[in-house]
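User: I'm new to this one and would like a close look at a single part: the place where the two chains meet. Could you walk me through it in plain words?

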Amino acid sequence: MLRDSSTPDVINYLWYDEFEQFGTGKFAFMIGPNMWAPTYEAPESPVKDKVNYALPPKGPAGQISSHMFTWSVSINKASRHKGAAWLFVQWATTKETLLKSAVERDNFMPVRKSVFNHPDFKTRVKVWANWGENAKDLLENYASVQWTPNPKIFEVGDTWAVALQKIILNVEPHKALSDAASEITSIMKRAGL
Amino acid sequence: MTIPALSILLGLIIYPWIKGIYYSFTDYQLFKTSINFVWFQNYIDVLFSEKGHAAIVNTLLYTVYTIGIELPLGIGVAMALTEEARIMRLFRSFLIVPLLIPPTVAAIMWKVMMNSTNGVINYLLEKGGIYGIPWLTHPSTALLSVSLIDIWMFTPFVIIVIFAGLQSIRQDLVDAAKVDGASSLDIFCYITLPHLVPYLLLVLLFRAIDSLKMFDIIYGATKGGPINSTLVMHIEAYLKLIRGFDLAHAMVYTTLLWIICFLVAQFFIKGWTKTTE
């Protein structure tokens, strides 16, 4: 699909290229995080009111699955002001802060159900086509943290990405992925994992 | 008096350098608590791997492409700048602009311009009947494309140095040669070029080292892709350490790169010293 229907430059794309190209109306559709909606629905956005949101497609086993990307607020073990840091963490994750952050600052990743159900939040997303129902469905039924806690995840991911680049450039998929699998095995062996 | 300078040299340069070389002979990964000596296994891994080959070959090719074009282009433009025409005086003022732009910004700017579907370069080429150059998106053109960014940025440096060399040529020598019937080509071959040799060696030294260890232009434009076609040693060292936490292999790449830079520097410094004696 990428080879036949996307720009040749997609081979070098990272997430922000996809974000930018869809946001300027160059792409018809993309798979990406729904937290980009505030940018796409901003008054000055070229794609405002033209975006609809869908669940990820079903996999071969007929299931929908979605990775929940997260950030964490943490306190360093070496911190000399753990008390103050803990107060900050509490403030940063209150319902009021998360609501203000989402509704007023477009930081659209609240982690509290109470924020998602707040009337101000619902009013904000009401004009974004089906974003509200879609996000709720995703969070309640399909999304989970699928981050692989492995120190080699980036190197493995890069190796897999190179295989995808080869496939886009017409290398036979089985060969590209087999070569990637061998390299990944050797990466993991060298790491003792 | 020398103790503070020596301390800085030892503490911030010599010690980390030696420690880094030591790590290249171990299996040190940042998430492991133990470090074991593995002799030359890492060097064998790098030198006999596809990625290692690609990184070394691309590094050398990138250097050849950039210097191969920057040097003759720089000499040509510097010679044109010696003309007293008004446009040349104006051009001298704008010459330095590419050098003022941070390399990563330049890379991103050129990446946008080289976009094969929306970029301004292909748009203008299409007006002239040339269609669909993939620039940064195909392995066959990506390395040359990032080299072009380097050439755009650093040819002004070559021009400035060569221009300074040209300005120092004694005019009476040139006049005497003209009186004796020497052609422009004779003057260039027998007066200009020999006089420029120390400046050329200086430029080659700086540009060779810079090109060998190039990181920001290539990383900003392609991150080493597509399919490792622009992967150079400095980028692979970064990826090994920052994305793979593999300090040992990262240090192998940086040590090999240091060896290549050292040999190149020695060659040009010896040549420059001979010409200035």
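Analyst: Let's start with one link across the boundary: Asp158(A) and Arg243(B) join their side chains in a salt bridge, with N to O at 2.7 Å. Keep in mind that this is a predicted model. That bridge belongs to a set, as the count between chain A and chain B comes to 5 salt bridges. There are also 11 residue pairs in polar contact between the two chains, counting pairs with both residues at pLDDT 80 or more.

Which parts of chain A do the touching? Helices α2 (15-23), α9 (153-168) and α10 (173-190) of chain A each give at least two residues to the side that touches chain B. The largest share comes from α9(A), with 6 residues. Sorted by class, that side of chain A holds 11 nonpolar, 5 polar and 9 charged residues.

Now for the whole boundary. In total, 25 residues of chain A are in contact with 28 residues of chain B. The area buried between the chains is about 2,200 Å², and carbon and sulfur atoms account for 50% of that area. On the chain A side, Asp9(A), Asn12(A) and Arg190(A) supply 25% of the area chain A buries against chain B, more than any other three residues.

Two of those names come back when you zoom in on Thr137(B). Beyond its neighbours within four places in sequence, Thr137(B) is in contact with Asp9(A) and Asn12(A), as well as Pro8(A) and Ile11(A) from chain A, plus Ser116(B) and Pro226(B) from its own chain. Where does Thr137(B) sit? Look in the loop between α7 (120-127) and α8 (139-167) of chain B. Thr137(B) counts as buried because its relative accessibility is 3%, which is under the 20% cut-off. Within chain B, the side chain of Thr137(B) also reaches the backbone oxygen of Pro134(B), at 2.7 Å.

One more stop, back at α2 of chain A. A search of the whole structure turns up 28 aromatic pairs over all chains. In one of them, Phe19(A) and Trp36(A), the ring centres are 4.8 Å apart and the planes are at 55°, so the pair is tilted. Phe19(A) lies in helix α2 and Trp36(A) in the loop between α2 and α3 (37-40), so this pair ties together parts of chain A that are 17 residues apart in sequence. Phe19(A) is partly exposed at 23% relative accessibility, whereas Trp36(A), at 6%, is buried.

Methods: Residues numbered from 1 in each chain as written. Chains lettered and ligands numbered in written order. Predicted model: local features only at pLDDT ≥ 70, side-chain atom pairs only at ≥ 80, totals over all residues. Heavy atoms only, no water. Helix = DSSP H or I, 4+ residues; strand = E, 2+ residues; numbered from the N terminus. Buried < 20%, exposed > 50% of the residue type's maximum accessible area, 1.4 Å probe, protein only. Polar contact = N/O pair within 3.5 Å; in protein donor to acceptor, adjacent residues only side chain to side chain. Contact = heavy atoms within 4.5 Å. Buried area = accessible area lost by both parts, 1.4 Å probe. Salt bridge = Lys/Arg side-chain N within 4 Å of Asp/Glu carboxyl O. Nonpolar A, V, L, I, M, F, W, Y, C, P; charged D, E, K, R; others polar. Phe/Tyr/Trp six-rings, centres within 6.5 Å; stacked < 30°, edge-to-face > 60°.
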